[in-house]
Structure formats: C-alpha cells, structure tokens
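Welcome, and please open your viewer. We will take a short walk through the model, one selection at a time.

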Amino acid sequence: GAMEKCVSTFEQQPGRTLVGLEFCLKGRERVVEKATEYMHEMPAFTPTQALAMVPDPVRYTFRYEDQNYCAEIQLDIDRLKSSGFEMIKLKNYWTDSEYNGINTQWRDTGTGQRFEVQFHTAISFEAKQLTHSAYERLRAGDTSDEEELELEQFQREVTAAIPCPPGATDIPEHG
C-alpha cells in the first residue's frame, strides 16, 4: 500500500534517516476521535468519508544532518511528488517557540490515503520526543492554568536549545 511505497521511496537515501517508526501509526482511538469530530462538524459525512479526512493516520519522520537539511528536504519533497504523492500542506515551525521542525501532509493520488511526513534534525527530533508527553497533556485540555504554564515553559526551554539549520526558516509554507 501507500506505506510500503513511501518507505521504499526513502529507505536508500544518503544523508537522511527514517526515524520514530514505532510512532508511525497514530493510535486507533485518536484516529476515530478525529473522524468523529469531522462528523459533528459536517453531518453529511459518512464514517468512511470522515476517516479519509484524518490528515495523519500514518506519520513518517525523516532526520537530516543540520548542514544538508534544506537541500535534502527539497530532494525528498521532489521524490515524493515524482512517486505519485500530492503535497496538501507544508507547515514550517522553525520560528515557533514550542516546537521546531517541518510538518507536511500528503495524499497518495492512487488510493486517496493521507499521511504526514515530518522533517527534523537529530536535535529537533530528540526535542520532539522529550516534549511529547507535555504536548499530549496540553492537548488533552484538562490541565490547571498553573500546570499549563509549566508545560508550555518546559516546551519553550527545550525548543530554545535547538540549533536552527541554515536556511530552514526560509522554506516556504504551502496549503
């Protein structure tokens, strides 16, 4: 399927590693939760249509050396496009105070399957892993004001220590 095709497109590239495969599939409960939100917003949607709307049921994370980050991302975006994937969205978080990296959403033009690709450096990937539980707590929305401030402060402190790869802030957003 789309997953194997995507992985095989990228496995053999020098200068970039596929990481975090244990987090590749979004938890089933979270996918269903997102689809249910879509059905509340758009009652005409069938469950199948709502599930197809979930932008990131599958996530790939690519990790690069800082000095080659921008050039390698561009090569990989071009590779994805030439493999029959359509980029729906690119979000550049390199100027964000609580998360650094580039997140993209894609669609397999053959099957309609959607997936996410995140582009990281070694340090931004480690920071994402380190702050993930804080992010999850904040997203759950049941934190006290005090805890929320502490979690956000923790994310900012970790993120502030990430070196920005040359030219990363110039990568244009899309979608």
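For the first stop you need one cut-off: a residue is called buried when its relative accessible area is under 20%. Keep in mind throughout that this is a predicted model.

Select helix 5, residues 122–140. Its buried residues are Ser124, Phe125, Ala127, Lys128, Thr131 and Ala134. Now look along the axis at Thr131, where a kink of about 50° is centred. From first C-alpha to last, the 19 residues of helix 5 reach 27 Å, close to the 27 Å expected at 1.5 Å a residue.

Next, turn to the rings. How many aromatic pairs does the structure hold? There are seven. Select Tyr60 and Phe115, an edge-to-face pair with 5.7 Å between centres and 85° between planes. This pair links distant parts of the chain, since Tyr60 belongs to strand 2 (residues 59–64) and Phe115 to strand 5 (residues 114–121), 55 residues apart. Tyr60 has 1% relative accessibility and so counts as buried; Phe115, at 2%, is buried too.

Then move along to Tyr64 and Phe119, whose ring centres lie 6.1 Å apart with planes at 35°, so the pair is tilted. Here again strand 2 (Tyr64) is linked to strand 5 (Phe119), across 55 residues. Both Tyr64 and Phe119 are buried.

For the last stop, select Lys91 and Tyr93: Lys91 lies over the face of the Tyr93 ring, 5.4 Å from its centre.

Definitions and conventions:
Residues are numbered from 1 along each chain as its sequence is written. This is a predicted model: local features need pLDDT of at least 70, side-chain atom pairs count only at pLDDT 80 or more; totals for chains, interfaces and linings use all residues. Side-chain values use heavy atoms; hydrogens and water are left out. Helices (H or I, at least four residues) and strands (E, at least two) are DSSP runs, numbered from the N terminus. The expected span of a helix is 1.5 Å times one less than its number of residues. The bend at a residue is the angle between axes fitted to the seven residues ending there and the seven starting there. Buried means under 20% relative accessible area, exposed over 50%, partly exposed in between (1.4 Å probe, protein chains only). Rings of Phe, Tyr and Trp (its six-membered ring) pair if their centres lie within 6.5 Å; planes under 30 degrees apart count as stacked, over 60 as edge-to-face and the rest as tilted. A charge sits over a ring if NZ of Lys or CZ of Arg is within 6 Å of the ring centre and within 35 degrees of the ring normal.
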